[in-house]
Amino acid sequence: MTAGSVAPERVSLRDRIRTQAHVHRSWTIFVGMSVGSVLLYLWASTVPFSLFQQQNSWIDGFVNAGVFMLLALGLNIVIGMAGLLDLGYAAFFAFGAYLYAFGASPFTHLHLPFLVLLILGAAVAAVFGILLGAPTLRLRGDYLAIVTLGFGEIVPILFLNLEKYTQGTNGIGGIDRPNIFGYQFPGIDQTPYYILMTVVLTIVLILMYRLQDSRIGRAWAAIREDELAAAANGINTVTTKLAAFALGATTAGFAGVLNASKLTIVDPTQFLFTVSFTVLAMVVLGGMGNIAGVAVGAFVLYNVQAVLLKQLNALFEGLNVPILENIDFVKYQYLLFGIALVLMMLFRPEGLFPSQRRRAELHAAEEELPDEEEPTEPVEPPNTGVTEDTRV
Amino acid sequence: MTGAETTAPDGGLLLKARGVTKRFGGLLAVNSVDFDIPKGAIVSLIGPNGAGKTTFFNVIAGIYDPTAGVIDFHGRQMIARPQRSWLEPFLWFLPAFIGGAVIAFAAIEHASEPVLFLLGLLTLIGLMTTMVTGAARPVRYQKALPRVGIFKSARPNDMVQAGLGRTFQNIRLFQNMTAIENVLVGMHTQMKASWVDAMLSTRRDRAEELSAHETARGYLKLVGLVGKDDEYAKNLPYGDQRRLEIARALGSKPSLLLLDEPTAGMNPRETQQMITLINRLRRDLDLTVLLIEHDMKVVMEISDRVTVLDHGEKIAEGTPEEVRKNPKVIEAYLGTPPE
C-alpha cells in the first residue's frame with residue numbers, strides 16, 4: 001500500500017516520517033503539542049497579532065479554545081466514533097463545572113484539592129452519561145437525538161431552579177483557582193492555564209488515538225457501519241454504546257472543571273443549547289471521526305467566533321459605511337455557523353479534515369451501484385426489519 | 001461424505017428447536033417447526049422462496065423473538081417467547097422507588113441534610129448498578145431473571161457468546177473497514193482488553209493486539225484471502241466478500257456456523273471452492289454447519305441431513321436421498337401435477 005512496499009530501498013523522507021509518526025504516535029502527539037503550544041505562544045506576542053489584542057487576551061482565548069477542543073474531542077467519541085447523535089452534550093459539561101463549584105467555593109465552605117475534583121467531576125459526568133444512556137440507547141438515530149436534546153434542556157433548567165443549592169441565575173461565584181502541588185494559579189496571567197490546558201489536551205489526544213485503534217474502537221466503528229452485523233459478531237451493542245456515552249461525558253466533565261476553575265463562576269447560562277450546538281458544529285466542521293481534525297476544527301472555530309468576528313466588527317466600524325458599520329457580527333455568529341453547517345453538509349459532508357473511513361462512508365452512495373444499496377430480498381419477510389431495534 | 005455420517009460422532013444435539021413459530025402480523029412465516037442439529041453435522045435448510053428459511057435462521061440467531069416455541073443451544077434454553085418482559089424496567093427502577101420512599105420518609109421526619117444527601121447517593125448508586133446490569137445483561141443476570149418469572153430471549157450477541165456464528169444472505173460486511181479489521185471485529189468476543197487497557201496501552205493489550213492480528217491473518221488465509229488484509233471490504237470481488245464474511249464469523253470461534261446461501265451468485269468454480277471450504281471447516285475446526293441453500297447440487301453434495309420448509313411448515317426431513325424422492329418436496333418445488 002505505501003511507497004515502501006513498492007520500492008523498499010527508496011522511501012521518501014516524507015513517507016518515512018509518516019510511518020515513524022504512526023508507529024510512535026504518542027510521542028508524535030507529545031512533540032507536536034509541545035512545539036505547537038510554544039509556537040502559538042510566540043505567535044500571540046509577535047507584532048501584527050499582538051497589535052489586535054494583548055498577548056494575555058490571546059492566551060486567554062487559546063485556553064477557552066482548549067476547553068472547546070476538549071468538548072469537541074469528547075463529542076467526537078459519541079458522534080464520530082460510535083455514530084450516536086448527542087444534542088445535549090453541554091449537560092455533562094455542566095455537571096463537571098457545578099461539581100467543581102460545589103467542591104471548591106465559599107458557597108459550600110469546601111476547598112478540596114483541584115486534581116481530586118478534576119477526577120471527581122469527570123466521574124460524576126460519566127455517571128450521568130450512563131444514567132442517561134442506559135434507558136435511551138435502545139433508541140436509534142433521530143429518537144436518541146430527541147432524548148439527548150431534552151436532557152440537555154433539563155439540566156441547565158434544573159441548575160437554574162434549584163436555587164437553594166445552586167443560587168439560580170446568580171450562579172456560584174468566587175470559586176477557587178486551581179492549586180496543583182502547592183502552586184497557586186494567579187488571577188490575571190493566563191500562562192499557567194495555558195500550560196495546564198496543553199498538558200490535559202496532550203493526554204486526552206493520546207488516549208483518544210489509543211481508544212480508536214483498540215478493540216472497543218473497532219466495535220464502535222462496526223456499530224456505526226452496521227449495528228445488526230455488529231451484534232451478530234458478538235458485540236454487545238448496548239454496553240459498547242454506553243461506554244462511548246460515558247467516555248464522551250467524562251471528557252466533558254474534565255472540560256467543565258477546567259472551565260469553572262478558570263472563570264471562577266458557574267451559572268446556568270454557560271450550559272445552554274448553544275454550547276451543545278457549537279460543539280456539534282466543531283465536530284462536523286473538523287471532520288467527524290478524525291481526532292486531530294476535530295481538535296483543529298474546534299480551535300479554528302472558537303477563534304473565528306471569539307477573535308475574528310470581533311475584529312471584523314472593529315474593522316467595519318472604522319470604515320464608516322452606513323449599513324456595514326452597524327452590523328454586529330458577534331450577534332450573527334450562530335447564523336454564520338448554521339450557514340457553514342448547511343454548506344458543509346452539501347459540499348463536504350466529511351468535514352474539513354476527514355477521516356479516511358468517514359469519507360468513504362459518506363460518499364458510498366456515489367460509488368456503489370444503486371442495487372447494492374438496499375438488501376435485495378424478494379419474497380421472504382424482511383430480515384432487517386425493525387423488531388431488533390425496539391427490543392428491550 | 002453423504003449418508004455415512006448421518007449420525008453425529010457422539011450423537012449429542014447441539015441445537016434443539018421445538019415448535020418454533022414466528023408471525024409477522026397476519027403472515028405466519030414459520031409455523032411450529034421442530035428442528036435438531038446434531039454435533040458435527042452439516043444440516044441444510046431448503047425450500048422455495050418465501051418458505052420462511054431466513055426467518056427461521058434469524059430466530060435461531062436471536063434477531064427475532066419467536067411467537068411460540070423454544071430453542072435450546074448447548075443444552076441451555078436460549079430462545080423462547082419473552083415472558084413478562086415489561087417487568088424488567090420496574091426491576092431497574094426498584095432501587096429508585098425504594099430510595100425515593102426512604103428519602104421522603106426521612107424528609108418528613110426532618111432528617112438532617114447530610115443524611116438526606118447520603119441516602120440520595122445510595123439510591124443513585126443502586127440505580128446505576130441495576131441499570132448497567134440490565135443493559136449489559138451478564139450471563140448470571142440472564143440466568144437469574146427466570147427465577148422472578150421473567151424470560152427474555154437471547155440477543156444476537158448472547159448467541160455469539162454461546163458459540164454461534166453466522167453470515168448474511170445479502171452480505172453485511174463492514175464495508176469501509178479493511179478485511180483484517182472485519183475479522184478483528186469478528187474476534188471481539190475472543191479478546192479481553194477493556195477500554196482501560198487500551199487507554200493505558202498495557203503490555204497485555206499490545207500483546208493481545210499482536211496475536212489477534214496474527215490469528216486474523218490465519219482466518220483470512222484459511223478462507224483463501226491471502227494478501228488482501230488491508231483491502232477495504234467493499235473493494236473486494238463478490239466471491240471474496242462471501243469468504244471474508246465466513247472468516248469474520250469464524251473469528252468468534254463458533255461451534256455452530258449458520259451460512260445463509262453461501263454460494264448465491266457464484267459461478268460453478270467458485271461454488272466448488274465454497275463446497276471444499278465448508279467441508280474443510282467442518283474437518284479442521286470441528287464445526288457444525290447449518291446451511292440455507294438454493295443450489296441443489298451443493299445441498300446434495302455436502303449435507304448430512306436436509307430439512308425442507310414450505311409456507312413456514314416443515315414438510316420433509318432426512319438424508320439428501322430421502323428428501324430428493326419425497327413427493328411432497330417435488331410438489332412444493334414443481335407444483336401439483338395435473339390430473
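Predicted model: local features only at pLDDT ≥ 70, side-chain atom pairs only at ≥ 80, totals over all residues.

User: How many bridges join β3(B) to β9(B), and in what sense do the two strands run?
Analyst: Strand β3 of chain B covers residues 42-46, and one of its residues, B:Leu45, has B:Thr307 as its bridge partner in β9(B). The two strands run parallel, and the number of bridges that join them is four.

User: Which residue of β10(B) stands opposite B:Thr307?
Analyst: Strand β10 of chain B (residues 313-318) pairs with β9(B) in the antiparallel sense, over five bridges. The two strands form a hairpin with two residues between them, and B:His311 in the turn has a positive phi of about 50°. Within this pairing, the residue opposite B:Thr307 is B:Glu317.

User: What is the strand order of the open sheet of six strands in chain B, and which are the edge strands?
Analyst: Pairing in this open sheet is mixed, and the order is β6-β7-β8-β3-β9-β10. The twist averages 20° from one strand to the next. Each edge strand pairs on one side only, and these strands are β6 (164-166) and β10 of chain B.

User: Which residue of β7(B) stands opposite B:Leu164?
Analyst: β6(B) and β7(B) pair in the parallel sense, with three bridges between them. Opposite B:Leu164, the residue in β7(B) is B:Leu256.

User: Which strands does α1(B) touch where it packs on the sheet, and what angle does its direction make with that of β7(B)?
Analyst: The strands touched by α1(B) are β3, β7, β8 (288-292) and β9 of chain B. Relative to the direction of β7(B), the direction of this helix makes an angle of about 150°.

User: How many helices and strands does chain B have, and what part of its residues is buried?
Analyst: The C-alpha atoms of chain B fill a box of roughly 90 × 55 × 35 Å along the principal axes. Of the contacts in chain B with a separation of 6 or more, 71% are between residues 24 or more positions apart. The chain has 13 helices and 10 strands, and the buried part of its 339 residues is 42%.

User: What distance separates the centres of domain 2 and domain 3 of chain B?
Analyst: The domain assignment places domain 1 at 1-81 + 154-163 + 255-339, domain 2 at 87-148 and domain 3 at 173-253. Taken over C-alpha atoms, the centres of domain 2 and domain 3 of chain B are separated by 40 Å.

User: Which element of chain B gives the largest share of the side that touches chain A?
Analyst: The contact takes 47 residues from chain B and 45 residues from chain A. On the side of chain B, α3 (113-136) is among the elements that each supply at least two residues, as are β2 (27-38) and α1 (53-60). By class, this side has 23 nonpolar, 17 polar and seven charged residues. The largest share, five residues, comes from α3(B).

User: Why does B:Lys253 count as partly exposed, and not as buried or exposed?
Analyst: B:Lys253 is found in the loop between α9 (238-250) and β7 (256-260) of chain B, and its phi, near 50°, is a positive value in a residue other than glycine. A buried residue needs 20 or more other C-beta atoms within 10 Å, and an exposed one has 12 or fewer. B:Lys253 has 16 C-beta neighbours inside 10 Å, and therefore counts as partly exposed.

Methods. Residues numbered from 1 in each chain as written. Chains lettered and ligands numbered in written order. Contact = placed C-beta atoms within 7 Å. Nonpolar A, V, L, I, M, F, W, Y, C, P; charged D, E, K, R; others polar. Pairing = 2+ DSSP bridges. Domains from an automatic or database assignment. Axes fitted to C-alpha atoms, helices over the stretch in contact; angles between N-to-C directions.
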